[in-house]
Amino acid sequence: MGYMEEYRKWMESPALTEAEHAELAALEGDEKEIQERFFAPLSFGTAGLRGTLGVGLYKMNRFTVGAATQGLANLIKQYGPRAMQRGVAIACDSRIQSDEFSHLAASILAANGINVIEWESLRPVPVLSFTVRTYGTLAGVMITASHNPKEYNGYKVYWEDGAQLPPKEADVVAKEMGALDMFTEVKTMDHQEAVDKGLIKIIGPESDEIYLRQIQKMCINPDCIAQVADDFKIIYTPFHGAGYKLVPEILKRIGYKNVICVPEQMVIDGNFPTVKSPNPENKEGFNIAIEMAKEMGVDLIIGTDPDSDRCGTVLKSSTGEYVTLSGNQMGVLLIDYIITAKKLTNTMPPHPAVLKSVVSTEMARKVANDNGVECFDTFTGFKFLAEKIKQFEETGSHQYLFAFEESYGYLCGDHARDKDAVIASMLIAEMAAYYRTKGMTLYDAMQDMYKRYGYYAEETLSIVMPGVSGLTRMAELMKELRESPLKEVGGTAVKDVRDLQTGIQTELATGETTEVELKGQNVLYYDLSDGTSFIIRPSGTEPKVKVYIMANGASKEEVDAKVEKYAAAAKEIVK
Ligand SMILES: O=P(O)(O)OC[C@H]1O[C@H](O)[C@H](O)[C@@H](O)[C@@H]1O
């Protein structure tokens with residue numbers, strides 16, 4: 001069906017309310033907008049269903065959420081009555097319509113005879129992942145668009161191991177979703193009736209308590225915190241989202257006495273009124289916290305995104321300025337800290353490993369390998385890291401110590417299988433105390449790591465390509481790059497290129513090809529002759545092409561110059 005036909009079908013549907021009809025009627029004559037909303041259904045990407053809110057097929061609304069949930073219900077039913085009884089845990093963040101979609105998903109699953117556990121109010125992603133694992137539900141649903149701007153919402157689905165739905169099951173949901181009429185073939189029932197019948201069980205603080213106890217057990221070095229707690233000050237911001245209770249709580253439980261929350265950003269609000277985007281990758285979001293920090297002489301600022309799976313930090317450097325650490329820098333600091341702690345306490349497992357995504361810093365490999373720890377790469381998306389952790393567990397080949405992505409996602413421990421900003425906040429705060437007892441800030445610790453392991457610098461460029469035209473442009477760009485491979489970037493020769501779609505690596509000088517293990521995703525990975533990695537891929541969560549530059553060298557000046565040169569080249573290549 002073309003987009004115009006699809007638009008008319010929606011216009012004529014009696015399932016729409018008056019307001020929904022009016023929203024669509026207002027589009028009459030605006031063919032571009034109609035195309036944007038109806039050219040295709042929303043599909044499962046890096047992190048499930050994600051899109052802007054509004055009426056339409058390519059939008060997040062009660063119909064698309066309903067269809068996804070019916071798709072999920074159909075998948076669960078294929079596993080029989082025991083699976084339906086195990087049921088689904090549903091949580092949501094603070095976004096616009098998140099609680100509405102949570103109730104809707106719960107009502108649909110209940111109407112399909114599937115048991116539901118639903119939180120009374122917003123919760124972090126890791127609590128959901130943990131609950132799926134500990135309560136033994138078959139699946140989980142998180143209503144969130146994570147760190148995206150306020151116009152977005154999304155639908156992340158989890159499977160029984162607490163990780164995001166594996167590709168095989170995601171395909172079934174997508175197929176089921178595509179095959180049904182979202183106006184007439186989604187079963188539902190009254191939410192209250194489902195609660196009264198015991199089909200939906202509402203839960204609350206009791207699940208937080210079990211989770212928090214589990215997290216606190218993973219605090220490696222509480223003694224360091226006790227030593228600094230009297231005067232070490234931390235500011236925390238949840239960016240109006242789900243971390244607002246559990247992050248300050250865990251920091252207090254591990255012994256911090258001065259945890260100050262940013263009052264304006266503790267207000268739960270899906271409009272995220274104090275930030276441009278609730279993404280801890282953007283320093284702008286920390287402006288209020290930094291002003292408070294300057295006045296109060298605060299050592300460390302921690303921020304978590306609306307679903308509290310990403311965690312960012314700003315800290316006071318030795319010269320008194322407030323600086324950010326990138327996701328890569330925090331990742332390597334934590335690896336080094338965890339390895340050191342394991343060695344000191346003689347708790348290093350026999351085959352330790354750390355995990356990162358293929359676009360995360362190579363410094364992680366260096367730190368791990370220099371300490372006798374293996375480092376493995378996966379595709380972007382924590383579900384791939386979780387898949388690897390599961391593989392290790394099943395085969396017993398390795399014991400994972402820590403997994404991270406450059407996009408501010410960190411996990412350690414077996415409690416959850418998605419990135420966890422609550423445990424990350426705890427470990428970062430604990431690590432900051434450890435270094436404070438040595439007279440160092442985390443910034444000093446990072447500089448010290450560069451001296452020990454060599455200099456590394458990374459930059460991610462995001463080139464936004466919105467709408468249908470953006471999707472076409474992204475596809476063309478990747479096609480062009482495959483048809484006419486880059487021979488040089490910024491004047492430096494390309495040594496080899498790995499097409500991670502096909503898994504073929506080509507040496508440019510000889511044309512020789514070899515197969516690599518990682519394949520099946522739209523990523524082009526160039527190794528430049530000076531050791532820099534230059535990677536291009538379309539984002540799976542936002543309408544963007546991302547270029548990652550990962551350089552290394554003998555000094556800060558050298559690596560910064562490389563990053564600057566290749567970033568300028570990237571802007572010419574990706575237009
Ligand atoms: O680069 P993208 O495909 O947009 O993904 C960026 C990030 O998005 C979400 O936060 C996912 O949970 C992460 O695993 C992923 O790294």
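Predicted model: local features only at pLDDT ≥ 70, side-chain atom pairs only at ≥ 80, totals over all residues.

Start by colouring three ranges: domain 1 is 40-203, domain 2 is 212-451 and domain 3 is 456-573.

**Stop one: domain 1 against domain 2.** Select these two and hide the rest for now. Their C-alpha centres sit 28 Å apart. At the interface, 30 residues of domain 1 touch 36 residues of domain 2. About 2,500 Å² of area is buried between domain 1 and domain 2, and carbon and sulfur atoms supply 58% of that. There's polar pairing here too: 13 residue pairs are in polar contact across this interface, counting pairs with both residues at pLDDT 80 or more. The salt bridge count between domain 1 and domain 2 is 2.

Now pick Lys 156 and Asp 309. They form a salt bridge, with the closest N and O atoms 2.9 Å apart.

**Stop two: the ligand.** Bring domain 3 back. Which domains give residues to the shell around the ligand? Domain 2 and domain 3 both do, so the ligand lies between them. Select the 15 residues around it; Glu 405, Lys 419, Ser 539, Gly 540 and Thr 541 come nearest. By type, the shell splits into 2 nonpolar, 8 polar and 5 charged residues.

**Stop three: the ligand's oxygen atoms.** Show distances from them. For Arg 310, a side-chain N or O atom is 3.3 Å from a ligand oxygen. At Gly 540, look to the backbone: a polar atom there is 2.6 Å from an oxygen of the ligand.

Terms used. Residues numbered from 1 in each chain as written. Heavy atoms only, no water. Near = heavy atom within 4 Å. Polar contact = N/O pair within 3.5 Å; in protein donor to acceptor, adjacent residues only side chain to side chain. Nonpolar A, V, L, I, M, F, W, Y, C, P; charged D, E, K, R; others polar. Domains from an automatic or database assignment. Contact = heavy atoms within 4.5 Å. Buried area = accessible area lost by both parts, 1.4 Å probe. Salt bridge = Lys/Arg side-chain N within 4 Å of Asp/Glu carboxyl O.
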